[in-house]
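Subject: Structure handover and notes

Hello,

Here is the structure for you to look at. My notes on what was found in it follow below.

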Amino acid sequence: MSSRRVSYFYDAEIGNYHYGQGHPMKPHRVRMTHNLVVNYGLYKRMEVFRPKPVGSSQMTRFHSDDYINFLKVITPDNMQDYVRQLQRFCVGEDCPVFDGLFEFCQNYTSGSIGGAARLNEGQSDIVINWAGGLHHAKKAEASGFCYVNDCVLAILELLKRHQRVLYIDIDIHHGDGVEEAFYTTNRVMTASFHKFGEYFPGTGDVEDIGYDDGKNYAINFPLNDGMSDDSFCVIFREIIGKIMEVFAPGAVVLQCGADSLSGDRLGCFNLSIKGHADCVEFVKGFNLPLLVLGGGGYTLRNVPRCWTYETAVLLDQDIKDALPYNDYFEYFGPDYRLHTPVSNMANLNSDEYLERTKIRIFEILKDVEPVPGAQIQTGGTENINPVGMDIDKNDDSVDPDKRPVNDRKDHVAEFAS
């Protein structure tokens with residue numbers, strides 16, 4: 001059994017939400033993953049939780065009030081009354097209105113925030129929420145099948161306890177929503193490995209490095225079609241190893257979008273499940289508080305395979321390649337195996353290109369300051385004293401017989417909403 005305490009968040013309702021006929025995003029894949037996790041017996045080796053639903057006030061730590069209120073009221077039946085808001089908040093085609101939309105957002109977001117809180121409280125070393133990882137959502141805008149950015153909200157939760165948080169993204173799409181949220185702070189470093197060039201969302205150039213206090217704290221490794229296990233594992237280990245050395249985070253959020261796998265319906269990389277999971281194994285090896293999230297992944301039979309195998313990796317468990325019988329066994333035919341072969345597509349990432357990009361990223365990382373800067377607002381100040389203040393309730397130097405002139409703490413963090 002893993003020496004690290006692993007917690008796993010799952011709500012059975014997640015598989016009941018449906019984006020609509022023909023839409024590539026299928027929450028059902030999370031239910032399929034859970035079923036495999038159960039039938040492999042992995043659930044016995046970790047604590048399994050149903051997340052406690054978060055309220056809209058926790059979502060507005062990042063998102064605007066107007067946007068969250070809109071998600072609460074919009075339904076397929078009243079859409080015609082909200083035409084302007086649908087356009088304003090980019091809800092419609094990629095991000096459709098469907099029954100239970102806000103409850104769906106609550107469901108996947110609750111696991112990520114709840115998981116971060118568990119890490120903060122020292123009750124777990126690793127927390128898994130395969131329903132989370134919806135990394136494209138912006139402050140007041142849905143994007144790329146994502147409505148509420150649970151990654152950002154989880155990071156804000158972790159910042160209550162940790163001075164520095166590292167966000168790593170191995171989804172084939174650039175983690176633009178998370179990068180944008182923390183683009184001007186040096187307390188969060190974002191590292192994204194993604195397809196770049198004529199590809200959604202179109203951001204994530206190697207020269208997009210952050211701004212102001214956040215300059216050099218956004219790391220992007222833009223890639224071309226056909227990325228293979230060997231190439232990906234080498235650059236991932238070298239870049240993340242260097243980041244760990246210079247940034248020294250207190251906690252890590254790892255977004256494991258499975259659309260970077262070979263054969264994904266929307267993807268164009270050629271990673272095997274083992275190659276994808278090698279990233280998880282490597283990050284786990286740093287023994288930092290770790291929140292592991294899902295993300296993209298649009299070939300329905302492969303996403304559960306990937307996330308189940310990565311659950312086993314996080315638990316230090318070897319599992320058989322032959323799939324156990326499960327509720328969705330017919331999806332995994334004709335081979336009924338955990339691991340699937342990669343394709344023979346060409347890798348358009350030359351060794352020269354990868355080396356050149358790696359060297360440029362190392363140059364950027366040279367300018368990372370060795371100590372944290374000022375505190376940013378995280379939507380709450382529990383568990384951490386504001387930087388520069390020594391708040392001690394049991395100060396013996398205070399005369400107990402005298403009423404203090406002003407007992408309130410004047411600090412901007414106190415007014416975080």
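**Around Cys256**

Setting aside neighbours within four places in sequence, Cys256 is in contact with Trp130, Ile170, His276, Val280, Val292, Leu293, Gly294, Trp307 and Glu310, where contact means heavy atoms within 4.5 Å. Please note that this is a predicted model: local features need pLDDT of at least 70, side-chain atom pairs count only at pLDDT 80 or more, and totals for chains, interfaces and linings use all residues. Residues are numbered from 1 along each chain as its sequence is written, and side-chain values use heavy atoms, with hydrogens and water left out.

Cys256 sits in the loop between strand 7 (251–255) and helix 9 (273–284). Helices (H or I, at least four residues) and strands (E, at least two) are DSSP runs, numbered from the N terminus. Cys256 counts as buried because its relative accessibility is 0%; buried means under 20% relative accessible area, exposed over 50%, and partly exposed in between (1.4 Å probe, protein chains only). Trp130, one of the contacts of Cys256, is 126 residues away along the chain, and the two C-alpha atoms are separated by 8.5 Å.

**Ala251, in strand 7**

Ala251 belongs to strand 7. With a relative accessibility of 0%, Ala251 counts as buried. Apart from neighbours within four places in sequence, Ala251 is in contact with Leu158, His162, Arg164, Val165, Leu166 and Pro289. Between Ala251 and Arg161 there are 9.3 Å from C-alpha to C-alpha, for a sequence separation of 90 residues.

**Asp11**

Asp11 is placed in the loop between strand 1 (6–9) and helix 1. Is Asp11 buried or exposed? Asp11 counts as buried, because its relative accessibility is 11%. The side chains of Asp11 and Arg50 are joined by a polar contact of 3.1 Å. A polar contact is a pair of N or O atoms within 3.5 Å; within protein, one must be able to donate a hydrogen and the other to accept it, and residues adjacent in sequence count only if both atoms are side-chain atoms. A polar atom of the Asp11 side chain also lies 2.9 Å from the backbone nitrogen of Glu13. Leaving out neighbours within four places in sequence, Asp11 is in contact with Arg50, Pro51 and Asn107.

**Two helix pairs**

Helix 1 (residues 28–39) packs against helix 10 (residues 302–314) at an angle of about 45 degrees, and their axes are 8 Å apart. That angle makes helix 1 oblique to helix 10. Axes are lines fitted to C-alpha atoms, for helices over the stretch in contact, and angles run from 0 to 180 degrees between N-to-C directions. Angles under 35 degrees count as roughly parallel, over 145 as roughly antiparallel, 65 to 115 as roughly perpendicular and the rest as oblique. On the helix 1 side, Arg29, Val30, Met32, Thr33, Leu36 and Val37 meet Val303, Pro304, Arg305, Trp307, Thr308 and Thr311 of helix 10. The residues of this contact divide into 7 nonpolar, 3 polar and 2 charged. Here Ala, Val, Leu, Ile, Met, Phe, Trp, Tyr, Cys and Pro count as nonpolar, Asp, Glu, Lys and Arg as charged, and the others, Gly among them, as polar. Trp307 of helix 10 is also among the contacts of Cys256.

For helix 8 and helix 11, the axes come within 11 Å and cross at roughly 10 degrees. This makes helix 8 roughly parallel to helix 11. Helix 8 contributes Ser231, Ile235, Glu238, Ile239, Lys242, Ile243 and Val246, and helix 11 contributes Leu354, Lys358, Ile361, Phe362 and Leu365. In this contact, 8 residues are nonpolar, 1 is polar and 3 are charged.

**Backbone points to check by eye**

- Phe200 and Pro201 are joined by a cis peptide bond, with omega about -5 degrees; Pro201 is in the loop between strand 5 (188–195) and strand 6 (218–223).
- Glu198, in the loop between strand 5 and strand 6, is a residue other than glycine with a positive phi, near 55 degrees. Glu198 counts as exposed, at 85% relative accessibility.
- Gly333 and Pro334 are joined by a cis peptide bond with omega about 5 degrees; Pro334 is in the loop between helix 10 and helix 11 (351–366).
- Ala248, in the loop between helix 8 (229–247) and strand 7, has a positive phi of about 50 degrees although it is not a glycine.

**Overall**

The protein has 11 helices and 8 strands. Of its 417 residues, 57% are buried.

Regards
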